[in-house]
Amino acid sequence: MSSVGKDESERTWCPSGDAHAPESVVLGVRSGQDGRVVYLADPVPASQVLGAVPEGVEPRRVLRFASHCVSDCVNRRGGDCTLVERVLSAPPAPDTDRVPRCHLRAHCQWWSQTGVAACRRCPAIATRHRAGDELGELMADPSTTREQLDAWTAAAGS
Ligand code: SF4
């Protein structure tokens, strides 16, 4: 089903979204210390902040954006998001017990699909990964299987 023409009350939003969609808002800021996301209390239109991102910096390396969950996303399988499935299959980052305050939750695809489990992992997720972030790249790749994530986890722990 196309997102075009959907009633706003039934539409879900992507918490790892596009910076440049017309509806995009800033979900949070990646902190300098460990890259975890600090969530904004209220949504700010992405168009208001993109101009402040230094030239040459990919906005999604420093900010997390929310935009409509769209049917042509590479991560969509029917009405589900396979990205959040991979996120939940990967080993948790330290300190994943806290559930952030988040303005998107009521409309969030990840929340509607997995509930609070996704909220606990969400702060550690980067929409764009730094070079060398092997696990991040694996999770972002729609072709990654559960077995590959398990193998990565086993190798990292050995
Ligand atoms: S399927 Fe997942 S990654 Fe794709 S737009 Fe929807 S929530 Fe975002």
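The protein contains 7 helices and 6 strands, where helices (H or I, at least four residues) and strands (E, at least two) are DSSP runs numbered from the N terminus. This is a predicted model, in which local features need pLDDT of at least 70 and side-chain atom pairs count only at pLDDT 80 or more, while totals for chains, interfaces and linings use all residues. Residues are numbered from 1 along each chain as its sequence is written.

**Overall organisation**

- From the N terminus on, the order of elements is β-β-β-α-α-β-β-β-α-α-α-α-α.
- Of the 158 residues in the protein, 28% are buried (20 or more other C-beta atoms within 10 Å of the residue's own, with C-beta atoms placed from the backbone).
- Among contacts between residues at least 6 apart in sequence, 68% join residues at least 24 apart; two residues are in contact if their C-beta atoms, placed from the backbone, lie within 7 Å.

**The sheet**

- An open sheet of 4 strands has the order E1-E4-E2-E3, with antiparallel pairing; two strands pair if DSSP finds at least two bridges between them.
- Strand E1 (13-14) and strand E3 (37-45) are at the edges with a single partner strand each, so one side of each has no neighbour in the sheet.
- E1 is joined to strand E4 (residues 63-68) by 2 bridges, and the two run antiparallel.
- Trp13 has His68 in E4 as its bridge partner.

**The ligand**

- Residues surrounding the ligand include Cys14, Cys69, Cys73 and Cys81, each having its C-beta atom, placed from the backbone, within 6 Å of the ligand.
- Ser16, Val70, Asn75, Arg76, Leu83 and Gln109 also belong to these surroundings.

Technical notes: A residue is buried if 20 or more other C-beta atoms lie within 10 Å of its own, exposed if 12 or fewer, and partly exposed in between; C-beta atoms are placed from the backbone.
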